[in-house]
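My notes follow the structure.

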Amino acid sequence: MRIVLVGPPGAGKGTQAVRLSEELRIPHISTGDLFRANISQQTELGKLAKSYMDAGNLVPDEVTIAMAEDRMGQPDAENGFLLDGFPRNVSQAEALDELLENENVTLDAVLDLEVPEDEVVKRIAGRRTCRNKSEHVFHVTYSPPKKEGVCDVCGGELYQRDDDSEGTVRKRLEVYHTQTEPIIDYYKAQGLVVTISALGPVDEITQRALGALKRDEDAK
Ligand code: ADP
Ligand code: AMP
């Protein structure tokens, strides 16, 4: 399956993507995680990306699309993938369509996670991310680690992302509304959008997502 996850920052895309990718046996590809890996390895791409990320802006399309295409071209993504945080604007969605067309494949669904803004703000404010692997995500009250400041999965140090500060979050939400939300209409026109509420316990949302994707597939 080829799936795009969409939703505001803090909606729980990464949290759900880890679970869905296991259930559906497809790799989880997060452009945010790829940028953060580049930042911790101090690559040129990481240095460039960090200035945009810290300001709450999108990293320029050219480098983002090249990075995402490179990752999607790896062998484990041959039969499917779950994209998290890509595409993030209409030009990236068009670039993805072109790539898929060249490969003679199509997207199966665009899973839209709906969460009210006040909840998203609370989720981001308490988010703690692992320095080793930014896929390992916790929340100080909603899903606290067993030992404060330590990742349950790998023992890495937990930290608060620089772009999770209050001012940057406001900017990221604005960028989401102006630049990312239009891709929902873009994909609605292709009949691909499956919307679910992302409120409630994490496992329930995973089941809700799997059920909605199955119903969508059966209806096609
Ligand atoms: P995104 O990838 O969309 O930015 P994350 O998956 O990183 O979002 O989740 C943001 C924060 O919200 C994290 O701290 C995570 O632990 C927490 N979270 C995720 N899903 C839920 C949920 N269903 N209920 C409460 N908190 C959640
Ligand atoms: P995320 O981990 O998805 O919250 O992304 C963190 C930040 O990385 C975003 O605020 C952007 O600055 C950058 N980023 C991630 N994905 C993209 C993308 N597809 N296009 C542009 N910038 C991105």
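1. Ligand 1 is surrounded by 18 residues, each with a heavy atom within 4 Å of it. Lys13, Thr15, Arg127, Phe138 and Gly200 are the closest. The model is predicted: local features need pLDDT of at least 70 and side-chain atom pairs pLDDT 80 or more, while totals for chains, interfaces and linings use all residues. Residues are numbered from 1 along each chain as its sequence is written, chains are lettered from A and ligands numbered from 1 in written order, and side-chain values use heavy atoms, without hydrogens and water.

2. A side-chain N or O atom of threonine 15 is 2.6 Å from a ligand oxygen. For glycine 12, a backbone N or O atom lies at 3.0 Å, and for serine 143 a polar side-chain atom lies at 3.3 Å.

3. Alone, ligand 1 exposes 560 Å², of which the protein buries 92% (Shrake-Rupley, 1.4 Å probe). Two or more shell residues each come from α1 (13-24), β6 (137-139) and α9 (202-219); these elements are DSSP runs, helices (H or I) of at least four residues and strands (E) of at least two.

4. β6 also belongs to an open antiparallel sheet of 3 strands, ordered β6-β5-β7. Pairing requires at least two DSSP bridges.

5. Strand β5 (residues 127-130) is joined to β6 by 3 bridges. Arginine 127 has histidine 139 in β6 as its bridge partner, and Arg127 is also among the residues closest to ligand 1.

Methods:
Polar contact = N/O pair within 3.5 Å; in protein donor to acceptor, adjacent residues only side chain to side chain.
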